[in-house]
Amino acid sequence: MILDDVSFTVDRGESVAVVGPSGSGKSTLAAIVATLLRPQSGTVRIDGTDVLTLRSSRLAAFRRATIGVIFQQAELVPTMTAVENVALPAMLDGLDRAAAERRARELLDEVQLGETDTPAGDLSGGEAQRVGIARALVGSPALVVADEPTASLDGRTKSVVADLLYSRLEAHGAGLLIVSHDPEVASRADRVLRLEDRRLTAQLAEVH
Ligand SMILES: Nc1ncnc2c1ncn2[C@@H]1O[C@H](COP(=O)(O)OP(=O)(O)OP(=O)(O)O)[C@@H](O)[C@H]1O
Ligand SMILES: [Mg+2]
């Protein structure tokens, strides 16, 4: 068993960080909450839906409409521009190209990306992660799950991307579950959950 007796809630507009040593199960937890991994037992309820009851085709649509995911690397399509990368999930969800690209440009403006028409493969790590944040928000999700979103960035870039992530998520009223081994990044969350030996060992309230 990878995780045992882990129970918590993330409200809309709230940020919750998950910290803990390597191998403690943080990425496993993030993948379960993002509906990318199915636990052997337990319940995952997102925006009122018990997601483990959904079949795979409905789950994919539910995920696009309700959950945004951000990984350590932005995982963009390198040959597509930033705008096209952000617009893609919206188009998969049925929006026409013009409307999807308009929405993508608004979100890229919010994360202050100037290079909107550059192929994503030519962007710096920090720029790519800004695109990742915009893409996670394009479906107006209830929840964004971010697994080590700043771990490949350093210094000032890390801090700027963390600021953007927290501030944009709050502005859009989405919940944020963020895994980070970086105390500076994790401590900005409203609450910090600690995983140890694959169990939730402490729930530290952070007052801002
Ligand atoms: N599909 C799997 N089947 C069995 N064991 C797995 C599977 N995926 C991960 N594990 C194991 O579960 C444990 C938790 O892994 P996980 O990747 O969630 O840790 P983590 O806290 O994210 O670590 P890190 O900080 O290094 O990223 C590890 O011991 C890992 O080897
Ligand atoms: Mg991990």
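**Ground rules**

I am working from a predicted model, in which local features need pLDDT of at least 70, side-chain atom pairs count only at pLDDT 80 or more, and totals for chains, interfaces and linings use all residues. Residues are numbered from 1 along each chain as its sequence is written, while chains are lettered from A and ligands numbered from 1 in the order in which they are written.

**Whole chain**

I looked up the secondary structure and found seven helices and eight strands. Helices (H or I, at least four residues) and strands (E, at least two) are DSSP runs, numbered from the N terminus. The radius of gyration is 17 Å, close to the 17 Å from the globule rule for 208 residues, so the chain is as compact as a globular protein of that length. That radius is taken over C-alpha atoms, and the rule is 2.2 Å times the number of residues to the power 0.38. Along the principal axes, the C-alpha atoms fill a box of roughly 45 × 40 × 30 Å. I noted that 40% of the 208 residues are buried.

Next I checked contacts (C-beta atoms, placed from the backbone, within 7 Å). Of those between residues at least 6 apart in sequence, 70% join residues at least 24 apart.

**Core and helix 5**

Which residues have the most contacts inside the largest nonpolar core? They are Val86, Leu108, Val131, Ala134, Val145 and Leu177, in a core of 56 residues. Helix 5 (residues 125-137) gives the largest share of this core, six residues. By a nonpolar core I mean a set of buried Ala, Val, Leu, Ile, Met, Phe, Trp, Tyr and Cys residues joined through C-beta atoms within 7 Å.

I then went through helix 5 itself. Of its 13 residues, 12 are buried, so helix 5 is largely enclosed by the rest of the structure. Among the buried ones are Glu127, Arg130 and Arg135. The buried residues of helix 5 pack against strand 4 (67-70), helix 3 (82-92), helix 4 (97-110), strand 5 (143-147) and helix 6 (155-171). Ala134 touches Val86, Ala104, Leu107, Leu108 and Val111, leaving out residues up to four places away in sequence.

I also checked the length of helix 5. At 1.5 Å a residue its 13 residues should span 18 Å, and the end C-alpha atoms are 19 Å apart, which agrees. The expected span is 1.5 Å times one less than the number of residues.

**Helix 6**

Leu164 lies in helix 6. With 19 other C-beta atoms within 10 Å, Leu164 is partly exposed. Beyond four places in sequence, Leu164 touches Val111, Arg130 and Ile133.

**Positive phi**

Most residues other than glycine have a negative phi. I found a positive phi of about 55° at Gln112, which is not a glycine. Gln112 sits in the loop between helix 4 and helix 5. Glu148, also not a glycine, has a positive phi of about 50°. Glu148 is in the loop between strand 5 and helix 6, and is partly exposed with 19 other C-beta atoms within 10 Å.

**Around strand 5**

Where is Asp147? I placed Asp147 in strand 5. Asp147 counts as buried, with 23 C-beta neighbours inside 10 Å. Neighbours within four places in sequence aside, Asp147 is in contact with Ser27, Ala30, Phe71, Gln72 and Val179.

Thr150 is in the loop between strand 5 and helix 6. Thr150 is buried, with 25 other C-beta atoms within 10 Å. I listed the contacts of Thr150 beyond four places in sequence as Lys158, Val161, Ala162, Ser180, Asp182 and Val185. Thr150 and Gly125 are 25 residues apart along the chain, and their C-alpha atoms are separated by 9.4 Å.

**Ligand 1**

How many residues surround ligand 1? I found 10, the closest being Ser22, Gly23, Lys26, Ser27 and Thr28. A residue is near a molecule or strand if its C-beta atom, placed from the backbone, lies within 6 Å of it. By class, the shell has one nonpolar, eight polar and one charged residues. Here Ala, Val, Leu, Ile, Met, Phe, Trp, Tyr, Cys and Pro count as nonpolar, Asp, Glu, Lys and Arg as charged, and the others, Gly among them, as polar.

How values were computed:
A residue is buried if 20 or more other C-beta atoms lie within 10 Å of its own, exposed if 12 or fewer, and partly exposed in between; C-beta atoms are placed from the backbone. Two residues are in contact if their C-beta atoms, placed from the backbone, lie within 7 Å.
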